[in-house]
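Please look at the model shown here.

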Amino acid sequence: MISFGPRSILLLVGTAHGLVLAALLVRAPANRLANRLLAVLLAAVALRVVPYIIGFAGFYDAYPWLSYLPYDWSLGYGALIWLYSRVISTGELPPRWQWHLLPAAVQGAYYSVMFVQPLAIKNFWTETFHDPWIVPIETVASLIAMSAYLALAWREYAAYQRWLDDDLSNREEFRLSWLRTFLLAFGATLCFWVATSLVDAFVRPLNYFDRFPLFLWFSLLIYGLGLGGLRSATVGYPRPDTTLEAAKREPAGLDDGVEAAPLGSPPESAEAIPESTRVLPQAPAVVPGTERNADWTTMGQQWSEIVRKQGWWRDADLTAPRLARHLATNTSYLSRALNEGLGQNFNEFVNRLRVEAVQVELAKANLDRDVLSVALDAGFNSKASFNRVFKRLTGETPTDFRRRQSLAATPES
């Protein structure tokens with residue numbers, strides 16, 4: 001007898017809402033590739049919950065031929081997690097990405113073939129091979145694949161974070177909180193799944209009802225990630241100009257026979273920097289191949305003074321490649337001068353100059369401008385990012401800093 005009880009209804013509500021959100025993701029106009037990958041992932045997890053929804057409602061008792069319904073695509077979860085993270089981070093799929101989904105395709109084909117077999121053959125196969133052999137192998141393979149791909153996805157996330165720090169001055173606008181939440185949610189899912197499998201294998205066999213908490217978690221995961229993905233569906237993510245390999249900022253020309261411009265040399269074209277503002281760094285040149293012996297500290301200090309005097313840090317859209325062109329060098333040398341010479345990444349270097357300029361303005365006793373206008377003039381492009389950066393670099397909010405300066409300037413009565 002078919003009867004939807006509390007268990008089946010709970011699973012149905014969360015899963016159905018998640019599928020609706022996945023459908024909306026497919027129709028989202030921005031980030032189409034990433035959103036569609038997330039929608040496919042949510043649908044694959046939802047299919048894994050379906051047999052428990054109908055099972056708790058009594059469908060298998062009423063219609064035993066429903067066994068082996070092709071619902072399990074768990075060998076593809078990890079690959080889809082990684083592909084989604086990769087597209088968010090780089091804007092494109094890796095070469096031959098389809099091969100990563102082959103295990104899931106084989107898994108789906110297996111269930112599809114078994115689903116159309118006569119019930120007698122299904123029952124024999126279940127008792128003889130499926131339950132004692134296929135299910136354990138399938139579970140272990142799914143967990144290993146998910147662990148490996150989660151590690152790869154986290155590496156993509158970390159590499160993207162480093163690129164934002166090394167190349168963008170306004171990286172506070174791109175905090176990637178959604179991608180981090182996405183990966184942590186699947187990390188928690190993996191832990192829950194592993195714990196359930198270990199209990200089943202080494203403590204006591206878990207029946208259909210014992211596994212309800214795990215599949216309730218799957219249902220909540222679908223709903224939560226669907227909602228979070230839809231909220232982030234139109235977020236614009238900056239992309240590296242080149243591939244991840246080129247983003248290591250190797251000097252241009254070292255591998256293609258074209259000699260790279262040494263540190264301190266003028267730009268090849270007068271169009272690179274206007275004549276009226278051109279200030280070339282007076283620093284020892286670094287010939288390609290001798291970078292290990294370069295005095296990156298001296299270089300970083302000299303370039304820091306040039307940037308400070310020229311005021312290039314006021315450009316809200318300043319990037320490392322743009323600043324490198326101003327300094328007549330390349331992003332590899334600039335990055336090493338900042339990281340090895342000054343102990344700062346590009347983002348911190350630029351924003352420290354901006355914060356210092358804001359502090360100077362806010363410390364003026366007769367300042368009649370609001371804090372936001374001062375921040376915008378210094379190169380920040382939003383109040384939220386300015387407040388986060390100021391608090392991170394100074395340990396206090398701009399309002400607290402201004403109040404403290406006012407109190408210090410007020411003579412005691």
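The largest cavity is lined by Ser-169, Asn-170, Glu-172, Ala-316, Asn-351, Arg-354, Gly-379, Phe-380, Asn-381, Ser-385 and Val-389. A cavity here is a set of points on a 1 Å grid over the protein atoms alone where a 1.4 Å probe fits but cannot get out, and lining residues have an atom within 4 Å of a point. The model is predicted: local features need pLDDT of at least 70, side-chain atom pairs count only at pLDDT 80 or more, and totals for chains, interfaces and linings use all residues. Residues are numbered from 1 along each chain as its sequence is written, and side-chain values use heavy atoms, with hydrogens and water left out.

The search of the whole structure finds 1 cavity of 30 Å³ or more. The elements that give two or more residues to the lining of the largest cavity are α12 (346-362) and α14 (383-394). Helices (H or I, at least four residues) and strands (E, at least two) are DSSP runs, numbered from the N terminus.

One of the lining residues is Asn-170. Asn-170 sits in the loop between α6 (119-167) and α7 (177-203). Its relative accessible area is 16%, so Asn-170 is buried (under 20% relative accessible area; exposed is over 50%, partly exposed in between; 1.4 Å probe, protein chains only). Beyond its neighbours within four places in sequence, Asn-170 is in contact (heavy atoms within 4.5 Å) with Ala-316, Asp-317, Asn-347 and Asn-381.

The largest pocket is an open set of grid points with protein on both sides within 12 Å along at least five of seven lines. Its lining has 35 residues, of which Tyr-52, Tyr-71, His-130, Asp-131 and Val-135 lie nearest the centre. The elements that give two or more residues to this lining are α2 (32-56), α6, α7 and α8 (212-231). Helix α6 gives the most, with 10 residues.

The table sets the two spaces side by side. Ala, Val, Leu, Ile, Met, Phe, Trp, Tyr, Cys and Pro count as nonpolar, Asp, Glu, Lys and Arg as charged, and the others, Gly among them, as polar. A volume is the space filled by probe spheres set on the points, which are joined across faces, edges and corners.

| Space | Volume | Lining by class |
|---|---|---|
| Largest cavity | about 50 Å³ | 3 nonpolar, 6 polar, 2 charged residues |
| Largest pocket | about 1000 Å³ | 20 nonpolar, 9 polar, 6 charged residues |

Now the helices. The chain has 15 helices and 0 strands. Of its 413 residues, 45% count as buried.

Helix α5 (residues 102-115) has 14 residues and reaches 20 Å from first C-alpha to last, close to the 20 Å expected at 1.5 Å a residue. The expected span is 1.5 Å times one less than the number of residues. The buried residues of α5 are Ala-104, Gln-107, Gly-108, Tyr-111 and Met-114. Down the axis of α5 they fall within an arc of 130°, so they line one face of the helix. The arc is that of the directions from the helix axis to the C-beta atoms. What covers these residues includes α6.

Pro-70 lies in the loop between α3 (59-62) and α4 (77-90). Its relative accessible area is 25%, so Pro-70 is partly exposed. Leaving aside neighbours within four places in sequence, Pro-70 is in contact with Gly-108, Tyr-111, Ser-112 and Phe-115.
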